Amino acid sequence: MTDLKTETAVSKWRPIIEDWKHTFYLWRRAKLAMIGTFIVIGFILMAIFAPLIAPYDPVKTDLPSRLQPPSAQHIFGTDQFGRDIFSRVMYGARIEVWIIFLVTVISGAIGIGVGVTAGYFGGAIDEILMRITDIFLAFPRLILAMALSAMLGRGLTNAIIAISLVEWTVIARLARAEAMRVKSQPYIEAIRAVGAGNFRILFFHVLPMCLSPVLVQLTLRMGTIILTAAGLGFLGLGAQPPTPEWGAIVSDGRSYLVQQWWISTFPGLFIAIVVLGFNLLGDGIRDILDPRLRR
């Protein structure tokens with residue numbers, strides 16, 4: 001009896017295990033996706049262990065050590081206030097992770113809610129929601145984020161809100177298209193025929209089928225989120241001094257770029273690497289989830 005239960009449990013989990021094995025196989029085949037994965041994992045680990053990695057306090061000033069070039073004592077050099085650039089970059093990773101997480105959650109929730117609702121119900125609801133989306137899409141994202149951030153006021157929290165209100169539009173468009181495709185499937189008509197209401201169909205059948213492409217798009221947008229946050233920080237509309245946000249650090253060094261190049265170069269380099277990592281990871285996830293590759 002015990003052997004029969006064990007065999008039944010194994011049979012139940014075998015398709016899931018095989019699917020994960022195939023996913024890992026496809027991931028190993030995608031070399032660029034592997035590189036992106038390792039970059040993103042390194043970025044997250046850097047944020048988690050920043051207090052252990054950073055040798056100095058990221059906001060403590062040390063004027064006698066100001067504007068020192070990279071050396072054994074300060075491997076990324078120091079800024080105009082004597083703050084260690086390496087320590088500020090390490091702690092800045094924490095702020096970037098926090099920005100990415102909050103913007104992804106907020107913009108993803110807004111975009112999925114608007115897109116799935118518009119795509120499923122159609123008609124006047126679809127027209128109203130999509131015209132609102134078009135209004136947001138009519139402006140360049142960075143310009144709109146700057147305007148919203150300036151209107152809300154300077155600060156990291158307001159910058160996160162501004163970026164979230166800009167990033168949801170792409171998600172809404174994608175979610176709407178997926179919802180329209182799913183609701184036209186025969187099994188949705190069958191579910192409706194047996195008496196299921198709109199709420200049940202929307203949340204238990206349409207929404208789950210829309211999540212896969214949306215998650216891929218959210219992963220691809222993470223690099224854009226970092227760039228937008230860095231742009232707002234560079235312009236003084238995002239994180240305020242002495243917060244060690246990467247864009248703000250780059251802005252700190254713009255007046256010293258010719259001779260003290262290290263102040264802006266190292267945080268800018270980390271921005272480029274992390275954005276590249278998220279782009280490669282997003283492309284890899286999109287390829288892995290492609291049904292033609294999973295056959």
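Helix 4 (residues 85–121) packs against helix 7 (residues 156–183) with the axes 5 Å apart and an angle of about 35 degrees. Axes here are lines fitted to C-alpha atoms over the stretch in contact, with angles running from 0 to 180 degrees between N-to-C directions; helices are DSSP runs of H or I, at least four residues long, numbered from the N terminus. The contact residues split into 21 nonpolar, six polar and three charged (Asp, Glu, Lys and Arg count as charged; Ala, Val, Leu, Ile, Met, Phe, Trp, Tyr, Cys and Pro as nonpolar; the others, Gly among them, as polar).

This is a predicted model, where local features need pLDDT of at least 70 and side-chain atom pairs pLDDT 80 or more, while totals for chains, interfaces and linings use all residues. Numbering starts from 1 along each chain as its sequence is written, and side-chain values use heavy atoms, leaving out hydrogens and water.

On the aromatic side, the count comes to twelve pairs (ring centres of Phe, Tyr or Trp, the latter by its six-membered ring, within 6.5 Å; planes under 30 degrees apart are stacked, over 60 edge-to-face, the rest tilted). F43 and F278 make an edge-to-face pair, 6.1 Å centre to centre with 80 degrees between the planes. F43 sits in helix 2 (residues 31–48) and F278 in helix 11 (residues 262–288), so the pair ties together parts 235 residues apart in sequence. F43 is buried at 3% relative accessibility (buried means under 20% relative accessible area, exposed over 50%, partly exposed in between; 1.4 Å probe, protein chains only), and F278 is buried at 5%.

As for the backbone, a cis peptide bond links P241 and P242, with omega about 5 degrees.

Methods
Helices (H or I, at least four residues) and strands (E, at least two) are DSSP runs, numbered from the N terminus.
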